[in-house]
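Please read the points below alongside the model.

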Amino acid sequence: MSPANISRRTLLSGLAATTAVAATGAAIPAEAAATRDCRAAAKTGPVTVAYIEVNDHSMLSAGKYTLANGGAQVIDVAVIFAANINYDTTAKKAYLSFNPQVTNVLNNVATQVRPLQQKGIKVLLSILGNHQGAGFANFPTKAAAEAFAQELADAVNRYGLDGIDFDDEYVEYGNNGTGQPNADSFIWLVQALRAKLPNKLITLYDIGPAADRLVSGSQSIRETFNYAWNPYYGTWGVPSGPSSKAKLSPAAISYTATSQSTAVSLAQRTVSEGYGVFLTYNLTESNTATYLSAITQKLYGSNTVYTP
């Protein structure tokens, strides 16, 4: 499979366990969401999503691109990539873990997250497997799934984030004596998280055993997700998830691995076929306004302006 067609080309290095987050300046008041800039310019067209590898790049890059026509932000949703689902071999349970780079973002939300939110950009925390056998698809009981959902909800509320993104890669189910995927685990988890975060975003990176288990008997979590997207960059593939085209991104591009011509073609197809989301990955600090302009001409009928 060519580099343009694989999901994550390289696993983030140093995804070591961090069982607790330092409290230094991290907690935020409940009214933080109210600080968003209500004057953010509106636009018509698909929601543009950008994953940012915070091991290497700054979240602030998501706020540096606006449309030449009207001044709206190009990026609507920025995803912190990534926190981890780890496994405690003593307690025999999954837990939420932040590596040093993610910890840095979260402990400095005032300077790394809040500026994006004040521009109207939603900021999500992506949760990724970490080779330890703990995954979204193998919680042994509903109570175990609910406990992890509480950890996720606590992180969103503590840092004033806008939701959670599920990415079921690099788990290695069975490691450390963990179980294999079961039919109910991910349903328990997502249902519990939605109950705890009724007004936040919950999104699906459509890959792995969890993404194949959205329905069990009479239960379905397909419509519980706000958005779902294709995980293979440089390709078109309608993802599992919500039934509405407005909530799906069949297109997926990487700023560093997808040619401009392919990206433009995928953007045009997104609009032509009536889909409401356009997924992008690996936004860096480099000025990519020329590349983005070719895309935003198709998505929004406007060039992109970069402001350092």
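1. A residue is called buried here when its relative accessible area is under 20%, exposed when it is over 50%, and partly exposed in between, using a 1.4 Å probe and protein chains only. By that criterion, 55% of the 308 residues of the protein count as buried. This is a predicted model, in which local features need pLDDT of at least 70 and side-chain atom pairs count only at pLDDT 80 or more, while totals for chains, interfaces and linings use all residues. Residues are numbered from 1 along each chain as its sequence is written, and side-chain values use heavy atoms, with hydrogens and water left out.

2. The secondary structure comes to eight helices and 15 strands, where helices (H or I, at least four residues) and strands (E, at least two) are DSSP runs numbered from the N terminus. With contact taken as heavy atoms within 4.5 Å, residues 24 or more positions apart account for 79% of the contacts that have a separation of 6 or more.

3. Helix H1 (residues 100–107) has Val 102, Thr 103, Val 105, Leu 106 and Asn 107 as buried residues, and these pack against strand S3 (77–88), helix H2 (109–112), strand S5 (122–129) and helix H4 (142–159).

4. Asn 84, which lies in strand S3, is buried, with a relative accessible area of 0%. Its side chain reaches two backbone oxygens, that of Leu 128 at 3.2 Å and that of Gly 129 at 3.3 Å.

5. How do the axes of H7 and H8 cross? The axes of helix H7 (residues 260–272) and helix H8 (residues 289–300) come within 8 Å and cross at roughly 20°, the axes being lines fitted to C-alpha atoms over the stretch in contact and the angles running from 0 to 180 degrees between N-to-C directions. That makes H7 roughly parallel to H8, since angles under 35 degrees count as roughly parallel, over 145 as roughly antiparallel, 65 to 115 as roughly perpendicular and the rest as oblique.

6. In the contact between these two helices, Gln 260, Ala 263, Val 264, Ala 267, Gln 268, Thr 270 and Val 271 of H7 meet Thr 290, Tyr 291, Ala 294, Ile 295, Lys 298 and Leu 299 of H8. By class, the contact of H7 with H8 has eight nonpolar, four polar and one charged residues, where Ala, Val, Leu, Ile, Met, Phe, Trp, Tyr, Cys and Pro count as nonpolar, Asp, Glu, Lys and Arg as charged, and the others, Gly among them, as polar.

7. Thr 288 is placed in the loop between strand S14 (277–281) and H8, and at 14% relative accessibility Thr 288 counts as buried. Leaving aside neighbours within four places in sequence, Thr 288 is in contact with Tyr 65, Tyr 255 and Leu 283.

8. Glu 285 also has its place in the loop between S14 and H8, but is partly exposed, with a relative accessible area of 36%. The C-alpha atoms of Glu 285 and Ser 61 are separated by 5.8 Å, although these residues are 224 residues apart along the chain. The side chain of Glu 285 makes a polar contact with the side chain of His 57 (2.8 Å), a polar contact being a pair of N or O atoms within 3.5 Å; within protein, one must be able to donate a hydrogen and the other to accept it, and residues adjacent in sequence count only if both atoms are side-chain atoms. The side chain of Glu 285 also reaches the backbone nitrogen of Ser 58 at 2.7 Å.
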